[in-house]
Amino acid sequence: METTRPPVLDDAVGTSASLARVAEGDLCTGCGGCAGLYPTALTMRMTDPGFLRPVQVAPLPVGADEAIAATCPGLGQTVTAQGRQDDPLWGPWRSVWTGWSTDEEQRFKGASGGALTALLTHLLRAGVVEAVVQNAPDPENPVGNRTVLTDDPAAFAVTAGSRYAPSAPLDMLPDILADGRRVAFVGKPCDAAALAAMRARDPAIARTIPVIVSFFCGGIPSETGAKEVLSALGVTPDQLESFRYRGKGWPGRATATLKDGSSADMTYHASWGGILSKHVQHRCKICADGTGMAADLVCADAWDVDARGYPTFDERPGESLVLARTSLGEQIAQGAEAAGRLTLKSFDMGTLAAIQPGQRNRRRALRARLAALRILRKPVPVYRGLHLRAASRQNDVRTNLRNFLGTLRRALRP
Ligand SMILES: Cc1cc2nc3c(=O)[nH]c(=O)nc-3n(C[C@H](O)[C@H](O)[C@H](O)COP(=O)(O)OP(=O)(O)OC[C@H]3O[C@@H](n4cnc5c(N)ncnc54)[C@H](O)[C@@H]3O)c2cc1C
Ligand code: SF4
Ligand code: SF4
């Protein structure tokens, strides 16, 4: 592993002040967008304590800093509702349902109801796109991710399920453009935001990638988090044959399969809540868009909650939230339903805050957290159109103060 070193080099030719700012504020989401735009100058590498970060290996061309400044989600995000309903917490949207794949295997293997995989299957089968870019387990590092370009729905048996580990799907951009086929892109909300910004600047990217699919995202843990899960399971990395973070049921168990054929597992609550969530990168704690506002379609867990408002995580047949943010997304979801690939049930958007406490609380706390970082003169992302003030007003003053002081304390910790 390498230690992240900011590519600070003042105004020197071939460097990027924007990347230096990202590194100074620890704002990188690990999307891979900058490396995808400038593959000969930047490469994504695993850096201590286990996050994917751009490392400069050659000078950047003239104009690179401007392009990175306009597209890097670490530096900020702009959202425009353009006539859509626009919720202060959830952003612009057109239609919302809960649902699941009608293919029992997809529903079982999927992180929640396999709805996202059913949508991808429909996109390929209906010829809306010719291939799909998504993430799969890395065969050389079963707790890690690799990005794959596939035109075969049979591959979805491997790609389904959430993997709580770094992924940098946009560093595959040169391969996607060289491939030349029309593709749907699946990525984290920050990946979706970076891609949408790139599409707005480059018609070739917009033509090649007409569909963006995302999922709600509570944050990316470092690879150290995954190693801690393995250690809690009594498994060493060299014993590992394959690893699932969840899925095979809803929410399913974190499961390590060993080379000797045996396996060890733990609940989703123990793996995500007890270990992985404590290793989430700094940028995720100040993320204004964990719900894919730049995507056409977004899937999430349609959790059941207990009387206190916390998800129950009781094992049951999977159910995804399916949120169409654009007219295109709406058409794709309805097309998948009409083709018999997806079951959709109506959902009341007014109940979303109750079943997504993590997303709700982070949105409401964000303004206070950013204020604490600004006071310390730390670089923070610039968010436009994300209603931070309206979201923070949904918190009482005490909760905002607690978040402000908590962020201040953490930022001052040596
Ligand atoms: C890091 C992370 C955090 C999440 N946080 C939340 C949350 O706070 N609230 C919530 O409701 N849901 C969250 N989810 C989403 C949730 O786990 C499911 O992805 C979602 O419910 C859709 O399930 P599905 O069964 O419809 O999708 P599936 O059919 O299982 O398809 C999942 C798709 O996601 C892709 N994928 C998996 N992991 C990654 C990754 N690391 N990077 C890029 N693509 C990936 C796969 O390639 C696949 O295409 C998170 C997912 C991830 C990966
Ligand atoms: S957030 Fe993405 S574009 Fe920005 S520095 Fe990190 S990898 Fe590059
Ligand atoms: S929480 Fe936000 S910044 Fe972090 S990985 Fe998810 S979408 Fe990206």
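Predicted model: local features only at pLDDT ≥ 70, side-chain atom pairs only at ≥ 80, totals over all residues.
Start your tour by selecting proline 251, which sits in the loop between β11 (240–244) and β12 (254–258); strands here are DSSP E runs of at least two residues, helices are H or I runs of at least four, and both are numbered from the N terminus.

Residues are numbered from 1 along each chain as its sequence is written, chains are lettered from A and ligands numbered from 1 in the order in which they are written, and side-chain values use heavy atoms, leaving out hydrogens and water.

Hop to aspartate 48 and proline 49, joined by a cis peptide bond with omega of about 5 degrees. Proline 49 belongs to the loop between β1 (42–47) and β2 (51–56). Then pick phenylalanine 313, in the loop between β14 and β15 (320–324). Phenylalanine 313 isn't a glycine, yet its phi is positive, about 55 degrees.

**Ligand 1**

Select ligand 1 and show the 34 residues around it; Ser112, Thr117, Gln134, Ser162 and Gln356 come nearest. To count as near, a residue needs a heavy atom within 4 Å. By class, this shell has 13 nonpolar, 17 polar and four charged residues. (Ala, Val, Leu, Ile, Met, Phe, Trp, Tyr, Cys and Pro count as nonpolar, Asp, Glu, Lys and Arg as charged, and the others, Gly among them, as polar.)

Zoom in on threonine 117: an N or O atom of its side chain is 2.5 Å from an oxygen atom of ligand 1. At glycine 114, a backbone N or O atom lies 2.7 Å from a ligand 1 oxygen. Both are polar contacts, meaning N or O pairs within 3.5 Å.

**Two helices crossing**

Next, show α5 (115–125), which supplies at least two residues of the ligand 1 shell, and helix α13 (residues 327–338), whose axis comes within 9 Å of the α5 axis and crosses it at roughly 90 degrees. Axes are lines fitted to C-alpha atoms over the stretch in contact, with angles from 0 to 180 degrees between N-to-C directions. So α5 is roughly perpendicular to α13, the word for 65 to 115 degrees.

Which residues make the contact? Look for Leu119, His122 and Leu123 of α5 and Ile332, Ala333, Gly335 and Ala336 of α13, with contact meaning heavy atoms within 4.5 Å.

Methods:
Polar contact = N/O pair within 3.5 Å; in protein donor to acceptor, adjacent residues only side chain to side chain. Parallel < 35°, antiparallel > 145°, perpendicular 65-115°, else oblique.
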